[in-house]
Amino acid sequence: RNSAGSENSSDSFRFLVEERIQCCQTRRVRYAQRVDYCIQLPAPIEAATNREELLAYEAKRKEAEENMRAPPEPVRARIPFTACLQAFTEPENVPDFWSSALQAKSAGVKTSRFASFPEYLVVQMKKFTFGVDWVPKKLGN
């Protein structure tokens, strides 16, 4: 109903994301824009406001597992939405960045930002991460 007059109703969700990648050796910068309809935000567990509660739960869960008892009531991380947005915009290392100035692979740093904003923003929280051993791990339940 809101996109009356528009040929495509998904235009209400459309926005641009701008990625800025800087080569660490030459300091040259490359910009790229991509069209998106849904933003995927990371859930930075280190930004949880109830860290002590989470650590206590994890200790109780491990103890119950070792003693073959029922696990305690799960505790969910409380992560502010602003921390999720900040994690999206933080610089990210790109180890295999192809530098056209060097004509070789180099290290780079990528930052993302909104180049335009949609009428309606659809947010998907990334609930999976990779552990130290590169095994996918679900955050929370």
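User: What should I know about the numbering and the model before reading it?

Analyst: Residues are numbered from 1 along each chain as its sequence is written. The model is predicted, so local features need pLDDT of at least 70.

User: Which strands form the open sheet, and in what order?

Analyst: Strands are DSSP runs of E with at least two residues, numbered from the N terminus. Two of them pair if DSSP finds at least two bridges between them. Here four strands form an open sheet, ordered β2-β1-β5-β4, with antiparallel pairing. Strands β2 and β4 (92–99) are the edges, each pairing on one side only. From one strand to the next, the twist averages 35 degrees.

User: How many bridges join β1 and β2?

Analyst: Strand β1 (residues 15–23) pairs with β2 over eight bridges, in the antiparallel sense. For I21, the bridge partner in β2 is R30.

User: Is V35 buried, exposed or partly exposed, and why?

Analyst: Buried means under 20% relative accessible area, exposed over 50%, and partly exposed in between (1.4 Å probe, protein chains only). V35 is partly exposed because its relative accessibility is 38%. V35 belongs to strand β2 (residues 29–36).

User: Where is P74, and how far is P74 from F15?

Analyst: P74 lies in the loop between α1 (51–66) and α2 (81–89); helices are DSSP runs of H or I with at least four residues. With a relative accessible area of 37%, P74 is partly exposed. P74 and F15 are 59 residues apart in sequence and 37 Å apart in space, C-alpha to C-alpha.

Key: Predicted model: local features only at pLDDT ≥ 70, side-chain atom pairs only at ≥ 80, totals over all residues. Heavy atoms only, no water. Axes fitted to C-alpha atoms, helices over the stretch in contact; angles between N-to-C directions.
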